[in-house]
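Visitor: I would like to go through this structure by question and answer. Please show it first.

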Amino acid sequence: VRETTDRILEKKTTVAFPQTPLADGLKKVVISYDTEFGPIEAGAYIDASGKFLMAGRILDKSQDPRRQYLQALGADGAAKRPAKGAAVEILEISDFQCPSCGTAHEKLTPFLKKYAGKISYSRIDLPFFEHHDWAIHAAVVARAIQRTNPDKYWPFVDAVFAAQEQITSKNVEAKLKEIVGDLDVAWKTIEPSYKSKADKRALLAQISRMYDNDVYSTPTFVVNGQRV
């Protein structure tokens, strides 16, 4: 397994097997590799014969698979624009540095205003930090604002996407400070998270959860539990 994943990912990986096979003989595999912020993990399964490595997820047949998928993605902890009784529930999975995410955000904003109250909308970060050099920093600040100043979360998202072309790896901290200040949020309430290794590792765990559930690109939208 390690030889295969090393070749596919073009990097050194670690493979771990929990000791007890599942009831049907499947064996859980945890594949991980190190990054500058900590390890990234993804799960897979080996069949009872030991011949096949399978990516995917196991669901409880007695439960709604769409709801299980949302829970597996961590949607319960996403930033929300709730709409009581809405028939449509959309989860956005996006990267602040992704140009396609910026375009999608621009086009969706008037749509969401038009149907405010009819669509329950939420957002969660998937920063591709190995390709986008400031995405993880913006995501950490977004998560900090969600915790400390939730009413400023969506204005922060709007502002970062609007400034996307002006932000670089060299000025990202200054630009984020500027955006936070413009929203009347004290940077000193955000800075501990911005500098926290634990907060970045928590974000990596979220990224791992996305990879584990077949989300490898942004923007991805999950509409009523169906990925599109």
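Visitor: In which sense do strand E6 and strand E7 pair?
Guide: This is a predicted model. In it, strand E6 covers residues 88-94 and strand E7 covers residues 119-125.

Visitor: What is the order of the strands in the open sheet of 5 strands?
Guide: The pairing in this sheet is mixed. Its edge strands are E5 (79-81) and E9 (226-227), each of which pairs on one side only. With those two at the ends, the order is E5-E7-E6-E8-E9.

Visitor: What angle does the direction of helix H3 make with that of E7?
Guide: Helix H3 takes in residues 99-114 and packs on the sheet. There, H3 touches E5, E6, E7 and strand E8 (220-223). The angle between the direction of H3 and that of E7 is about 160°.

Visitor: How many of the 7 residues of E6 are buried?
Guide: Buried here means under 20% relative accessible area. E6 is largely enclosed by the rest of the structure, because the buried residues of this strand number 5 of the 7.

Visitor: Is Ser 122 buried or exposed?
Guide: Ser 122 is found in strand E7. Residues that Ser 122 touches include Ile 90, Leu 91, Glu 92 and Trp 154. The relative accessible area of Ser 122 is 7%, and the cut-off for burial is under 20%, so Ser 122 is buried.

Visitor: With the side chain of which residue does the side chain of Asp 125 make a polar contact?
Guide: Asp 125 is found in strand E7 and, at 4% relative accessibility, counts as buried. Among the residues that Asp 125 touches are Ser 94, Phe 96, Tyr 153, Leu 203 and Gln 206. The polar contact, at 2.8 Å, is with the side chain of Arg 123.

Visitor: Which elements cover the buried residues of helix H2?
Guide: H2 spans residues 65-73, and its residues Gln 68, Tyr 69, Leu 70 and Leu 73 are buried. The elements that cover these buried residues include E6, E7, H8, E8 and E9.

Visitor: Which are the edge strands of the open sheet of 4 strands?
Guide: The strands of this sheet run in the order E1-E2-E3-E4, with antiparallel pairing. Within it, E2 (residues 27-35) and E3 (residues 38-46) pair over 9 bridges, and Ile 31 has Ala 42 of E3 as its bridge partner. The strands that pair on one side only are E1 (14-16) and E4 (53-54).

Visitor: What is the relative accessibility of Val 29?
Guide: Val 29 lies in strand E2. Its contacts include Val 15, Phe 17, Ala 44, Tyr 45, Ile 46 and Leu 53. Val 29 counts as buried, because its relative accessibility is 0%.

Visitor: What distance separates the C-alpha atoms of Ala 198 and Gly 38?
Guide: Ala 198 is found in helix H8 and is partly exposed, with a relative accessible area of 42%. Helix H8 (residues 197-212) packs on the sheet and touches E2 and E3. Ala 198 and Gly 38 are 160 residues apart along the chain, and their C-alpha atoms are separated by 9.4 Å.

Notes
Residues are numbered from 1 along each chain as its sequence is written. This is a predicted model: local features need pLDDT of at least 70, side-chain atom pairs count only at pLDDT 80 or more; totals for chains, interfaces and linings use all residues. Side-chain values use heavy atoms; hydrogens and water are left out. Two strands pair if DSSP finds at least two bridges between them. Contact means heavy atoms within 4.5 Å. Axes are lines fitted to C-alpha atoms, for helices over the stretch in contact, and angles run from 0 to 180 degrees between N-to-C directions. Buried means under 20% relative accessible area, exposed over 50%, partly exposed in between (1.4 Å probe, protein chains only). A polar contact is a pair of N or O atoms within 3.5 Å; within protein, one must be able to donate a hydrogen and the other to accept it, and residues adjacent in sequence count only if both atoms are side-chain atoms. Lists of a residue's contacts leave out its neighbours within four places in sequence.
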